[in-house]
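Here are my notes on this model, as numbered points. Please read them with the structure open.

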Amino acid sequence: MRLLVALSLAGVLGAAARIDADTSKLRKEDVPLQAKAGLRGKNKLCCGYPLVDDQQWALRFYWLSLEADYDEDVSAIVPKGGRCAIPPNRWVELYTPDGYFFSRVPERYACSLKLEGSGLMRDGRIVNYTGSCKFGYGTCFEQLDITDYPFGRGAGQRPLVPFKSVAVDPRLVRIGEPLYIPEFDGMVLPDGSIHDGCVRADDTGGGIKGRKMDFFVVTYGNFRSLLDGLLGVTWITPHVEAPRCQYLRDL
């Protein structure tokens, strides 16, 4: 199982769910929020219909929380602040919704796992947040089939896809809908590949309300790297019915 996880994550981890994902994640990481930024010169008329005027949709990020990143007291690859800035010597017990013991982990990792929604345990298990419960930490989790959900699960039974899945408010964007993001078109990804601007609404979250989108970037390190590639852009212009993105509808 560990080998399968390693192979699945190798492309993205070698480079560089979300329940309350909001501006605080960026603010607490000292990321300046820009209301406007120059586009990359793409002809947006070729790629569907914009849901808003230029850059009127908030861009945020989420990732797979990795237990191994929390082994050390101080690590450069985990968030520095926010609600999960908890002393490393505090531990909690995690349970399934049925009350079965799941694992004993650092509390700051449990907090991160709840925030992001999906995580990779040190022993190779992929787990998902299932909601509040009366056991242990007060938040329960379930183990996922790594064959079906190597990067975690989004809304319903939808697997998360690196750099393609986004979390949206389903009242505004239908789950499963492909979207074209001109601000992503031409962006260099951590593995050196070029993004084509196409993503898909695979997920939701308690903090995703209105014109806000969370972009699944797999790891915290990728989040920091992509912010540099986006030149600090934190507002985007989603398009629907883009012909170039219809290939995602069949995945």
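1. Terms first. Helices (H or I, at least four residues) and strands (E, at least two) are DSSP runs, numbered from the N terminus. This is a predicted model: local features need pLDDT of at least 70, side-chain atom pairs count only at pLDDT 80 or more, and totals for chains, interfaces and linings use all residues. Residues are numbered from 1 along each chain as its sequence is written, and side-chain values use heavy atoms, with hydrogens and water left out.

2. Overall content. The protein chain has four helices and 14 strands. Of its 251 residues, 53% are buried (under 20% relative accessible area; exposed is over 50%, partly exposed in between; 1.4 Å probe, protein chains only). The chain exposes about 11,300 Å², and carbon and sulfur atoms supply 52% of that area. Accessible areas come from the Shrake-Rupley method with a 1.4 Å probe; for residues, only the protein chains shown count as cover.

3. Strand β11. This strand spans residues 198-203, and six of its six residues are buried. Two strands pair if DSSP finds at least two bridges between them. Strand β9 (residues 165-167) pairs with β11 in the parallel sense, over three bridges. There, S165 has R200 as its bridge partner. Strand β10 (residues 178-180) also pairs with β11 over three bridges, but in the antiparallel sense.

4. Largest nonpolar core. A nonpolar core is a set of buried Ala, Val, Leu, Ile, Met, Phe, Trp, Tyr and Cys residues joined through side-chain atoms within 4.5 Å. The largest one has 27 residues; F61, L179, F184, M213, F215 and V217 make the most contacts inside it. Two or more residues come from each of β2 (57-62), β11, β12 (212-216) and α4 (220-229). Helix α4 gives the largest share, four residues.

5. Around F184. Contact means heavy atoms within 4.5 Å. Not counting residues up to four places away in sequence, F184 touches L59, H195, G197, V199, F215, L230 and I236.

6. Where does M121 sit? M121 is in the loop between β6 (118-120) and β7 (126-132). M121 is buried, with a relative accessible area of 3%. Beyond four places in sequence, M121 touches E67, F102, S103, V105, Y109 and V127. The C-alpha atoms of M121 and Q143 are separated by 9.8 Å, with the two residues 22 apart along the chain.
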